[in-house]
Amino acid sequence: MMAFLSVRDLVVAYGAIQAVRGVSFDVEQGEIVSLIGSNGAGKTTTLRTVSGLLRPVSGEILLNGEPIQKLPAHQILSKGVAHSPEGRRLFARMSVEENLRLGAYTRKDEAGVLKDMQRVYDLFPVLGERRGNKAGLFSGGEQQMLAIGRALMSSPKLLMLDEPSMGLSPIMTQKIFDTVKELRDAGTTVLLVEQNALSALALSDKAYVIDLGRTTLSGTGRELLADPRVQEAYLGEGAST
């Protein structure tokens with residue numbers, strides 16, 4: 001059976017430098033799948049390539065069996081792939097509602113847009129309470145909520161989140177991860193890149209370790225949590241002092 005998203009032997013370069021050197025992974029519908037690894041391993045580059053922001057040198061990206069690696073980003077978005085990028089990339093001088101509407105710019109169904117906007121406000125009540133406020137006035141956690149909300153406004157089948165807990169307090173991080181689980185339970189497939197390996201693996205149905213641009217380990221979240229190699233490299237356990 002064909003995976004919902006299948007990435008095969010992906011190679012991506014910035015000029016002469018190969019950032020991704022053969023990444024492969026599968027995402028089934030209704031799963032949370034995490035990509036973990038050290039800084040510079042190629043995780044963010046992989047997400048940017050799946051969403052069409054970068055072109056691979058070689059390899060294949062299949063969505064429901066259809067190759068998408070040569071499509072422009074807006075066409076990939078219209079096929080149901082939304083990307084909440086590292087660093088949030090909000091429009092600081094625009095309001096919450098204006099940022100959310102930008103997430104729905106490919107849609108023509110106003111009733112559906114309003115329904116999804118209300119869904120975002122239900123998920124993150126602070127956004128609804130401050131929908132007229134400029135995004136630049138929000139805390140880091142609130143901005144992350146807005147970034148996720150903006151990605152949800154395209155009504156995605158696959159939601160890709162790049163470092164959603166970066167710079168957040170433990171309480172806000174837990175809120176974000178609880179929301180990710182809630183989205184999965186409601187039917188949204190999630191591909192997660194996350195530096196907080198412990199939280200990501202605990203949340204994930206499946207996970208892959210990317211090291212130096214290659215997929216080196218895979219398994220369920222629980223299996224990788226128990227793997228001594230993962231514990232030593234990413235969870236701060238078993239390493240010599």
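Q: What makes the set of 43 residues in this predicted model a nonpolar core?
A: A nonpolar core needs buried nonpolar residues joined through side-chain atoms within 4.5 Å. The largest such set here has 43 residues. Leu100, Leu127, Ile148, Leu159 and Val230 have the most contacts inside it.

Q: Which helix gives the most to this core?
A: Helix α6 does, with six residues.

Q: Which residues is Leu159 in contact with, leaving aside its neighbours within four places in sequence?
A: Contact needs heavy atoms within 4.5 Å. Leu159 has such contact with Ala82, Ile148, Ala151, Leu152, Leu183, Thr188, Thr189, Val190 and Leu191.

Q: What other core is there, and which residues does it include?
A: There is a second, separate core of 27 residues. Phe4, Val7, Leu10 and Ile76 are among them. In soluble globular proteins, nonpolar side chains tend to be buried together.

Q: Why is Arg89 called exposed?
A: Exposed means over 50% relative accessible area. Arg89 has 54%, so Arg89 is exposed. Arg89 is found in the loop between β6 and α3. Leu102 is 13 residues from Arg89 in sequence, and their C-alpha atoms are 12 Å apart.

Q: How do you know that β7 and β8 pair, and in which sense?
A: Pairing needs at least two bridges. Strands β7 (residues 158–162) and β8 (residues 189–193) have five bridges, in the parallel sense. They therefore count as paired. Met160 stands opposite Leu191 in β8.

Q: What makes β6 and β10 the edge strands of the sheet of six strands?
A: The order is β6-β7-β8-β3-β9-β10, in an open sheet with mixed pairing. β6 (81–84) and β10 (214–219) each pair on one side only. Neighbouring strands of this sheet are turned by 20° against each other on average, direction ignored.

Q: What joins β9 to β10, and how do they run?
A: Five bridges join them, and they run antiparallel. Val209 stands opposite Leu217 in β10. The two strands form a hairpin with two residues between them. In the turn, Leu212 has a positive phi of about 50°.

Q: Which helices lie across strands of this sheet?
A: Helix α1 (residues 43–50) lies across β3, β6, β7, β8 and β9, at about 150° to β7. Helix α7 (residues 170–185) lies across β3, β7 and β8, at about 135° to β3.

Q: How do α3 and α6 pack, and in which crossing?
A: Helix α3 (residues 96–103) and helix α6 (residues 140–152) pack at an angle of about 35°, with axes 7 Å apart. The crossing is right-handed. Val96, Asn99, Leu100 and Gly103 of α3 make the contact with Leu146, Gly149 and Arg150 of α6.

Technical notes
Residues numbered from 1 in each chain as written. Predicted model: local features only at pLDDT ≥ 70, side-chain atom pairs only at ≥ 80, totals over all residues. Heavy atoms only, no water. Helix = DSSP H or I, 4+ residues; strand = E, 2+ residues; numbered from the N terminus. Axes fitted to C-alpha atoms, helices over the stretch in contact; angles between N-to-C directions. Left-handed = near helix turned anticlockwise from the far one by under 90°. Buried < 20%, exposed > 50% of the residue type's maximum accessible area, 1.4 Å probe, protein only.
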